[in-house]
Structure formats: C-alpha cells, structure tokens
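Please have the sequence and the structure in view as I go.

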Amino acid sequence: MPRYLIVRFSSIGDIVLTTPVIRCLKEQIPGCEIHYLTKKSFADVLKGNPYIDKLYTIDHDINEVVEDLKSNNYEAVIDLHNNLRTRILKWKLKRKSYTFNKLNIEKWLMVNLKINHL
C-alpha cells in the first residue's frame with residue numbers, strides 16, 4: 001500500500017486550504033495511506049479529517065519525528081510549506097518529493113512594487 005506524507009506546519013488558514021489536496025490524493029490513488037505532519041498547536045484542525053490515516057505533530061523541531069517518518073517508507077513527500085525546515089526534512093527522508101511553489105517573490109513584487117509577474 002503506497003504511503004504519502006503531506007507537510008504543512010502552520011497557519012490555520014493555509015492548513016485548511018490543504019484539505020482538498022488530501023481528499024484528491026486519497027480519491028485518486030485507491031488504497032493509499034495519507035500521513036500528515038504539522039505543528040502540535042494545529043493538530044485539532046486536522047484530527048477529524050477522514051482522509052488522514054495518521055497525523056504526526058512537532059512542538060519545535062522535525063527531529064522529534066524524523067525517525068518515525070523514516071520507518072514509513074513513503075512513496076513521496078508532498079511539501080505544502082516550502083521552507084528550510086521542510087527541505088531538511090525531505091533531505092533526511094530521502095524520498096521523492098513534490099513542492100508547492102508559493103510564488104513569494106512574485107507576490108512581494110506585486111504588493112510592494114506593483115510589478116505583476118503572477
């Protein structure tokens with residue numbers, strides 16, 4: 001059974017916006033197992049999600065769970081946070097990964113300089 005790890009650490013609104021990704025993955029890959037990693041303070045947002053098979057949480061550091069995550073032999077890691085911590089996590093897990101490009105530079109240019117590269 002293929003297992004996938006979805007990672008989004010924070011921002012309650014952004015975590016809520018990841019729920020279609022969880023549902024679509026579960027519906028498009030029959031029999032897959034979805035694990036989700038977030039900060040402990042946001043776990044309640046995801047606990048009732050019927051598409052999540054296992055919820056991992058951290059207080060401060062990915063090293064709190066990295067050994068448990070390694071043992072799951074994920075098919076892929078889906079990085080919806082895209083920061084230094086998630087890059088380190090993907091490197092430590094040594095699994096295929098997909099990352100969402102948040103277009104931070106393009107958004108900054110639009111908001112601050114009114115240059116639209118979006």
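Predicted model: local features only at pLDDT ≥ 70, side-chain atom pairs only at ≥ 80, totals over all residues.

Asparagine 83 sits in the loop that runs between strand S4 (76–79) and helix H5 (84–93), where helices (H or I, at least four residues) and strands (E, at least two) are DSSP runs numbered from the N terminus. Residues are numbered from 1 along each chain as its sequence is written, and side-chain values use heavy atoms, with hydrogens and water left out.

What does the side chain of asparagine 83 reach? It reaches the backbone nitrogen of arginine 85 at 3.1 Å, and one of its polar atoms also lies 2.9 Å from the backbone nitrogen of threonine 86. Both are given as polar contacts, meaning a pair of N or O atoms within 3.5 Å, where within protein one must be able to donate a hydrogen and the other to accept it, and where residues adjacent in sequence count only if both atoms are side-chain atoms.

Aspartate 79 belongs to strand S4, and its side chain reaches the backbone nitrogen of histidine 81 at 2.9 Å. Is aspartate 79 buried or exposed? Its relative accessible area is 1%, so it is buried, a word that here means under 20% relative accessible area, with exposed being over 50% and partly exposed in between (1.4 Å probe, protein chains only). Not counting residues up to four places away in sequence, aspartate 79 is in contact (heavy atoms within 4.5 Å) with Val7, Thr86, Lys90, Tyr98, Thr99 and Phe100.

Phenylalanine 42 lies in another loop, between strand S2 (33–39) and helix H3 (43–46), and with a relative accessible area of 18% it is buried as well. Leaving aside neighbours within four places in sequence, its contacts are Phe9, Ser10, Ser11, Ile12 and Ile15.

Turning to the chain, there are six helices and five strands, and from the N terminus on they run β-α-α-β-α-β-α-β-α-β-α. Buried residues make up 36% of the 118 residues, and of the contacts with a separation of 6 or more, 51% come from residues 24 or more positions apart. The C-alpha atoms, finally, fill a box of roughly 45 × 30 × 25 Å, taken along the principal axes.
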